[in-house]
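Me: Can we go through this structure together? I'd like to start with how its parts touch.

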Amino acid sequence: MPALAVRYRDRLPIGEGTPLVSLGEGDTPLVHAPRLSERLELDLWLKAEGANPTGSFKDRGMAIAVARALEAGAKAVICASTGNTAASAAAYAARAGLRAVVLVPAGGVPAGKLFQAAAAGARLLEVRGTFDQALVAARELADGGEFALVNSLNPDRIEGQKTAAFEIVEELGVPDVLALPYGGGGNTCAYARGFEESGGGVPRLLAGEASDRAGTGASAIRIARPAHAIEAAAAIGRSGGAVVPLADDEIRDAWRLLAEQEGVVVELSSAAGLAALARETGGGGVRAVCVLTGHALKDPQTSPGVATIQVEPDPEAIAKAAR
Ligand SMILES: *Cc1c(COP(=O)(O)O)cnc(C)c1O
């Protein structure tokens with residue numbers, strides 16, 4: 001499959017002079033979920049965005065944002081991140097030959113994401129503060145002109161991310177409901193735009209947020225003040241959907257259901273869409289797509305427990321333990 005910037009060239013801010021910066025993002029699996037469909041009385045599909053090159057949907061937007069930064073003559077990109085934007089910015093900047101500076105809240109980002117950003121050569125700065133404070137600093141530095149901001153406040157990020165909606169429409173048509181996690185709200189806006197531009201209507205958008213935004217264990221959506229709150233609320237309202245505040249236990253329960261019922265393991269934050277869906281849809285066989293935003297292996301530590309049993313290398317002991 002050609003790169004997103006090629007496939008959807010006429011629907012993206014891509015011109016003759018825009019360089020192609022691609023790691024093979026997009027074209028992610030849309031997987032039916034038969035057991036959860038039965039359980040929730042839905043026709044449920046899972047959009048597996050963890051299959052993107054750095055393991056999250058951020059890559060769709062980053063491919064476009066970094067290409068446009070390169071086109072504009074930038075030498076360096078900057079972002080504040082709860083982890084996945086950092087991993088993605090680092091990889092795409094490396095690909096484009098740009099410097100990347102990534103700001104993360106100190107102690108608030110899973111090791112896998114830090115590893116990804118550092119491995120790709122980003123300048124990785126742990127800010128003694130929150131994500132929200134890091135974002136204020138990143139915006140100010142970008143305003144100074146030395147760095148191109150590649151947070152989702154950069155409209156090219158939203159443009160790239162809307163392509164996920166195009167893919168869903170091509171494969172399945174417009175579903176009745178689309179459920180996803182709500183951190184800063186950029187992705188919610190991106191899906192709304194993608195469906196609007198597809199012309200077949202917009203599904204009810206169910207945006208699952210942590211009710212304890214500042215303290216949730218779901219680190220990818222640990223954002224106290226969503227940058228896209230106003231635009232996201234408007235898009236959700238137009239769609240007839242809702243923002244669904246979730247307790248961490250509900251997110252963990254949804255995470256476990258995905259893993260045990262469907263064999264689909266994701267990072268914890270990615271289960272917020274299913275948690276919202278489980279709470280808000282009355283079943284009735286409606287067709288729902290749940291966006292699974294990030295890959296499981298990014299964050300094994302804070303995902304619900306790994307239980308192992310130690311055994312002797314003895315068939316009898318193993319047979320007993322295996323029951
Ligand atoms: C970034 C991210 C989110 C939140 O997306 P927003 O656009 O900030 O709402 C959710 N899940 C994962 C895994 C993410 O990386």
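Reply: One term comes before the rest. A polar contact is a pair of N or O atoms within 3.5 Å; within protein, one must be able to donate a hydrogen and the other to accept it, and residues adjacent in sequence count only if both atoms are side-chain atoms. Keep in mind that this is a predicted model.

Me: Ok. How many residue pairs are in polar contact across the interface of domain 1 and domain 2?
Reply: The count is 21 residue pairs, both residues at pLDDT 80 or more.

Me: Where are those domains in the chain?
Reply: The domain assignment gives domain 1 as 4–56 + 159–302. Domain 2 is 58–155. Their centres, taken over C-alpha atoms, are 21 Å apart.

Me: What area is buried between them?
Reply: About 2800 Å². Carbon and sulfur atoms give 54% of that. On the domain 1 side, Val-21, Thr-54 and Lys-298 supply 22% of the area buried against domain 2, more than any other three residues.

Me: And how many salt bridges between domain 1 and domain 2?
Reply: There are 3. Side chains of opposite charge can pair when their charged atoms come close.

Me: Which residues are linked in a network of salt bridges?
Reply: Arg-7, Lys-47, Glu-49, Arg-60 and Glu-167. Within it, Arg-60 and Glu-167 meet at 2.9 Å, N to O.

Me: What does Asp-156 form a salt bridge with?
Reply: Its partner is Arg-68, with the closest N and O atoms 3.2 Å apart. Asp-156 sits in helix α7 and Arg-68 in helix α3, 88 residues apart.

Me: Is Asp-156 buried or exposed?
Reply: Asp-156 is buried, at 10% relative accessible area. Arg-68 is partly exposed, at 31%.

Me: What about Glu-196, which residue does it bridge to?
Reply: Glu-196 pairs with Arg-238, and the closest N and O atoms are 3.1 Å apart. This pair links helix α9 to helix α10. Glu-196 is partly exposed at 39%, while Arg-238 is exposed at 57%.

Me: New topic. How many disulfides does the structure hold?
Reply: It holds 0. For Cys-79, the nearest cysteine sulfur belongs to Cys-189, 19 Å away.

Note on methods: Residues numbered from 1 in each chain as written. Predicted model: local features only at pLDDT ≥ 70, side-chain atom pairs only at ≥ 80, totals over all residues. Heavy atoms only, no water. Disulfide = S-S within 2.5 Å. Domains from an automatic or database assignment. Buried area = accessible area lost by both parts, 1.4 Å probe. Salt bridge = Lys/Arg side-chain N within 4 Å of Asp/Glu carboxyl O. Helix = DSSP H or I, 4+ residues; strand = E, 2+ residues; numbered from the N terminus. Buried < 20%, exposed > 50% of the residue type's maximum accessible area, 1.4 Å probe, protein only.
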